[in-house]
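Subject: A structure for you

Hello,

I am passing on a structure that you have not worked with before. Please open it alongside this email, and then read on for what was found in it.

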Amino acid sequence: MQKIRIFSCFVRSSLPNGCSGNIRGFLGSPKEPLKWRINQQRGFTGQNIERKGRKITPWQWFLLSVPATTFALGCWQVKRKAWKENLIKDLERKTTQNPLELPENLEDLEDLEYRPVIIRGHFLHDREIYMGPRSLIQHGDGTSRSGVFSKQGTTTGYLVVTPLKLDGRDEIILVNRGWVPKNRQNPTSRPEGQISGHVELVGIVRLGEARPQFSPESKGDHFLYRNLPKMCALTGAGPYFVDATDTSSVPGGPIGGQTRVTVRNEHLSYIITWFSLSAATAFTWYRNIFIRRPF
């Protein structure tokens, strides 16, 4: 206490005349406990000290579960992304395996999606239908040809789906022969591609598709997706569908090899979303609750 009095006298003697009366308000009474009260402009008071020393309530600890949960979801999406990428690789591997003979029971094709099979028969061109519009797929990706200064046309067109009567059997299946540009959709514009007689080709087994959300209904012989019930009702074929490989292409005819492994993979965007939420909520909790420094 004696040291405080000595320091007070020293400060009082150092201040200009008329300022000594403020020293008591600055240092506080010597009889009171030592609580420095620094000017509010300096931003540090005894009340702040008490607030910072306040315990974190159970509810505030519970709020910490938000960044923890979002971080766990981000880790889960990392695993899901790896699983989905391996699934896509496996499906792509199936499309390149050696072709199988077409099974006697066509219902077995339901267990062979993306597997190549050998098909023999003849096309029923008068029942030809179309799927699209579609972009031309080359090496597994859609392509287009257009330039800034000159346009050579685009690769938007349609897939030609033709029923094929199997040799020695009464069954008819649907074959996606490949892609044609929009201006050659009419079969009369590509007579050289309308193969007659016996054919043997390799096709990738595909199953039917559910109607995409907000997709309009198919009209006539034009379809937006593999709507097997309607396709079969229109063509008289069984509910079996294959994509002809590129080896089936003929000059002037559809371009085969229009199989794309379509598996939804948006896990990277989910990873970014969950980890961003985790970082943001963790920082907010630390600043507002742990160190109690509001924004």
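Let's begin with Ile-119. Leaving aside its neighbours within four places in sequence, Ile-119 is in contact with Leu-164, Leu-166, Ile-173, Val-199, Glu-200, Leu-201 and Val-242, where contact means heavy atoms within 4.5 Å.

Before going further, a word on the source: this is a predicted model, in which local features need pLDDT of at least 70 and side-chain atom pairs count only at pLDDT 80 or more, while totals for chains, interfaces and linings use all residues. Residues are numbered from 1 along each chain as its sequence is written, and side-chain values use heavy atoms, with hydrogens and water left out.

The protein chain has seven helices and nine strands; these are DSSP runs numbered from the N terminus, helices being H or I with at least four residues and strands E with at least two. Of its 295 residues, 34% count as buried. Buried means under 20% relative accessible area, exposed over 50%, and partly exposed in between, using a 1.4 Å probe and protein chains only.

Back to Ile-119: in the largest nonpolar core, which has 17 residues, Leu-109, Ile-119, Leu-164 and Ile-173 touch the most other members. Strands S2 (116–123), S5, S6, S7 and S9 each give two or more residues to this core. A second, separate core has 15 residues, including Ile-129, Phe-223, Cys-232 and Ala-237. A nonpolar core here is a set of buried Ala, Val, Leu, Ile, Met, Phe, Trp, Tyr and Cys residues joined through side-chain atoms within 4.5 Å.

Cys-232 also brings us to helix H6 (residues 228–235), whose buried residues are Leu-228, Met-231, Cys-232 and Thr-235. They are on the same side of H6 because they cover an arc of only 95° around the axis, the arc being that of the directions from the helix axis to the C-beta atoms. On the other side of H6, Pro-229 and Ala-233 are exposed. What covers the buried residues includes strands S3 (129–138), S5 (156–166), S6 (172–181), S8 (222–223) and S9 (241–244). After H6 comes Gly-236, with a positive phi near 80°.

Two serines sit in loops. Ser-215 is in the loop between S7 (199–206) and S8, and is buried, with a relative accessible area of 8%. Leaving aside its neighbours within four places in sequence, Ser-215 is in contact with Leu-224 and Tyr-225. Ser-248 has its place in the loop between S9 and helix H7 (267–290). Its C-alpha atom is separated by 8.5 Å from that of Glu-200, although the two are 48 residues apart along the chain.

Thr-70 and Ser-276 are 206 residues apart in sequence, and 8.6 Å apart in space, C-alpha to C-alpha. Setting aside neighbours within four places in sequence, Thr-70 is in contact with Trp-274, Leu-277, Ser-278 and Thr-281.

Over the protein chain, among contacts between residues at least 6 apart in sequence, 66% join residues at least 24 apart.

Happy exploring!
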